Amino acid sequence: MPNFAANLTMMFTEWSFLDRFAAAADAGFSAVEFLFPYEHPPEAVAAQLQRNGLTQALFNLPPGDWGKGERGLAALPSRFSELQAGVETALIYAEATGCRSLHLMAGIAEAGDARASAAYREAVAWTAERVGAAGRTLVLEPINRRDMPGYFLNDFALAEDLIAALALPNLKLQFDIYHRAIMHGDVTMALRRLMPTIGHIQIASVPSRHEPDAEELNYPFLLAELDRLGYEGFVGCEYRPAGATIDGLGWFKPYRGISA
Ligand SMILES: O=C(O)[C@@H](O)C(=O)CO
Ligand SMILES: [Mg+2]
């Protein structure tokens, strides 16, 4: 059975951030993920996890100034020292929360730009080694440019090639099925081919990014396929509920209480 993680950036937003942990646990989740914890002290986040018996599956390294439209620093050559400082901050949160996987966002840059490509490769290698020394996995997530215009890592092949070229044991792919379907389709075959390099998976309906029980994709089939492929990582529920979060959890009922 998949190990689902409620995404607290998108789900349970009827509650304040720190109250979303209890809401997710009450709904039957045993793990959570979110984009960023940095507005809250690490101890406050850790206390919510502990109080509610939750595992922290994933969060993102600091992305630069999100409010000003920044979406990561890795492909921005002039921001490398800021990225390095952000990694140290993230590791403090990872230690406090016991989180094993961190997502490094690439940033807004042209995929064909040689300087951006070189900066990205260097930043990924440095960050993977740094978080690896702290016992953590680094994941890279291709993101579709309809949701994130101008995003550097907008193609699965780019991520696959870099992960293969660097060949670092703790550098993995974050396979967001929603982005994959929008960018390339062929979801099942990609899961089968890429399974050895996948470190984290996320789900949502396509194209609306709602609950995974409507629209284009057959999630009962895809989730069973993850079991058939022996996937043991987390499946992040990174969707915006179509209505109230709790009202949309019908899809989760068959899994509730049996996902580890
Ligand atoms: O898919 C997404 O958007 C997220 O997983 C993320 O990390 C950046 O927004
Ligand atoms: Mg995602």
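Modeller: Helices (H or I, at least four residues) and strands (E, at least two) are DSSP runs, numbered from the N terminus. By that rule the chain has eight helices and eight strands. This is a predicted model, in which local features need pLDDT of at least 70, side-chain atom pairs count only at pLDDT 80 or more, and totals for chains, interfaces and linings use all residues. Residues are numbered from 1 along each chain as its sequence is written, while chains are lettered from A and ligands numbered from 1 in the order in which they are written.

The C-alpha trace spans about 50 × 40 × 35 Å along its principal axes. A residue is buried if 20 or more other C-beta atoms lie within 10 Å of its own, exposed if 12 or fewer, and partly exposed in between, with C-beta atoms placed from the backbone. Of the 260 residues, 42% count as buried.

Now the helix, α4. It holds 20 residues, 114-133. The buried residues of α4 are Ala116, Ala119, Tyr120, Ala123, Val124, Thr127, Ala128 and Val131. They cover an arc of only 155° around the axis, so they lie on the same side of α4. That arc is taken from the directions from the helix axis to the C-beta atoms. On the other side, Ala114, Ala118 and Ala133 are exposed. Just after α4, Gly135 has a positive phi of about 75°.

What covers the buried residues? The cover includes α3 (80-97), β4 (101-103), β5 (137-140), α5 (156-166) and β6 (171-176). Contact here puts two C-beta atoms, placed from the backbone, within 7 Å. Two of these strands, β5 and β6, run parallel and are joined by three bridges; strands pair if DSSP finds at least two bridges between them. Leu138 has Leu171 of β6 as its bridge partner. In β6, six of its six residues are buried.

A nonpolar core is a set of buried Ala, Val, Leu, Ile, Met, Phe, Trp, Tyr and Cys residues joined through C-beta atoms within 7 Å. The largest has 70 residues, and Tyr120 is among those with the most contacts inside it. To this core α4 gives the most, with seven residues.

Notes
The expected span of a helix is 1.5 Å times one less than its number of residues.
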